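Reader: Could you walk me through a structure, one feature at a time? I would like to learn how to read each feature as we go.

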Amino acid sequence: MRIVIRNGLSWLDADKKAPTYLNIEGDLIREQTDRLPEGDVVLDAGDGYVIPGFIDIHLHGGGGHDFMEATPEAFRSATEHHLLHGTTALCPTSVSATVESLRAFLNAHRRAMADPDLRVRLLGAHLEGPLLSERRRGAHDLSVVKSAELTAFETVLQEFPLIRRVTAAPEWPGICALASRHVPEGVQFSMGHSEARGEEIDRAVTAGFTSVTHLFNAMSSYGDHLGIKAPGLAEKALMDDRVYVELIGDLVHVPADMFLWAYRNKTAEKMMLVTDALSAAGAPAGTAAIGAGSERMELEIREAAYLKGTETLAGSVVSADQLVRNAVKIGIPFRDAVKMLTETPAKLLGVDRFLGRLDPGMGADIVILDRELQVRHVICRGNLIR
Ligand SMILES: [Zn+2]
């Protein structure tokens, strides 16, 4: 199918109506042009913003389903919910789980990649845990974190080349050597759920860790360490220019002033917005959970998801378009808000030659937002979704 988009505003320069026409052929952006090309569908952007599709590298589910359910239905429902809100590419994310549960999740991911009914672009799995700090585990199951083993985890890494990201605590014994073995294979390592300080973090960056998972949440901060004052992971993430950070932009996990502080410090070049969304995102109100089977934890949904009966935050209930509106609301320029959900995560994962911008030859993943930044149209892999 050939789609032509007209009357769109460029996300890079809101006052300039450029490109006048965006010509999509098959699953690629073919050209930006001044004259109306031929197309099967002409989509009127109605003076809305034409932007690249959102890339969410950290989310557990949506539409009432968690990826850990490991069924085709869970993958379809969760991805469809986020796709309708403009997320055209994503990394299904696990919670800390036994090796058997991780295998079930990864096998389901593998099947989903061949599922003709799945309309989103899967970028590979993100394993969040189980190699995490017990103290900073957040909503992750303590017994699973306690019994996790590095060698068993590496077996899973070797078995499933579709694993794209790993969140681990850099202080876990042996994790730096493990990272340096698997970074060359294209696995991206992220520091998170961690008590690490000072030099432990430097060692992890040298070993190949390139990002920090949900900055400010579930991590160490400045204090005493081995008898001396040392920065924690939160401060190291802000100080080290090599390190990318993800931030949960629901304005619950991180208050607005700290969100802005992180943005000013890291800039949109090194900061990414993630939803860390749970099954409850877009699901009818009622009982909610994170994970599945024996790792399932009951949640309470308020303005975000909390572990039942506690004040422990477990994840968000937002979608990516809300993150853009939140960022703009607190004063971040629109183009940077978009960049933190498109070009920057594409760079982190090494897919920026194909995704995250609207240049000719790139994948046809496009979102059209109206002037209130609500999603009007979504195109994914050249297909008009809405
Ligand atoms: Zn998460």
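Author: Two strands pair if DSSP finds at least two bridges between them, and strands (E, at least two residues) are, like helices (H or I, at least four), DSSP runs numbered from the N terminus. This is a predicted model, in which local features need pLDDT of at least 70, side-chain atom pairs count only at pLDDT 80 or more, and totals for chains, interfaces and linings use all residues. Residues are numbered from 1 along each chain as its sequence is written.

Reader: In what order do the five strands of the open sheet lie?

Author: The order is β2-β6-β24-β25-β26, with mixed pairing. At the edges are β2 (9-10) and β26 (383-384), each pairing on one side only.

Reader: Which strands pair in the parallel sense, and which antiparallel?

Author: β2 pairs with β6 (residues 49-52) in the parallel sense over two bridges, and there leucine 9 stands opposite tyrosine 49. β6 and β24 (residues 366-369) run antiparallel, joined by four bridges; isoleucine 51 has valine 367 in β24 as its bridge partner. β25 and β26 are also paired in the antiparallel sense, over two bridges, with cysteine 380 opposite asparagine 383 in β26.

Reader: How is the protein chain divided into domains?

Author: Domain bounds come from an automatic or database domain assignment. Domain 1 covers 2-50 + 369-384, and domain 2 covers 54-163 + 235-355. Their centres, taken over C-alpha atoms, are separated by 28 Å.

Reader: How many residues of each domain are in contact?

Author: Two residues are in contact if their C-beta atoms, placed from the backbone, lie within 7 Å. Nine residues of domain 1 touch 15 residues of domain 2. On the domain 1 side, the largest share, three residues, comes from strand β25 (residues 375-380).

Reader: And what describes two packed helices?

Author: The angle between their axes and the distance between the axes. Axes are lines fitted to C-alpha atoms, for helices over the stretch in contact, and angles run from 0 to 180 degrees between N-to-C directions. Here α5 (residues 175-182) and α6 (residues 198-207) pack at about 20°, with axes 8 Å apart. The two helices are therefore roughly parallel (under 35 degrees; over 145 is roughly antiparallel, 65 to 115 roughly perpendicular and the rest oblique).

Reader: Which residues of α5 and α6 meet?

Author: Cys176, Ala179 and Ser180 in α5 meet Arg203, Ala204 and Ala207 in α6.
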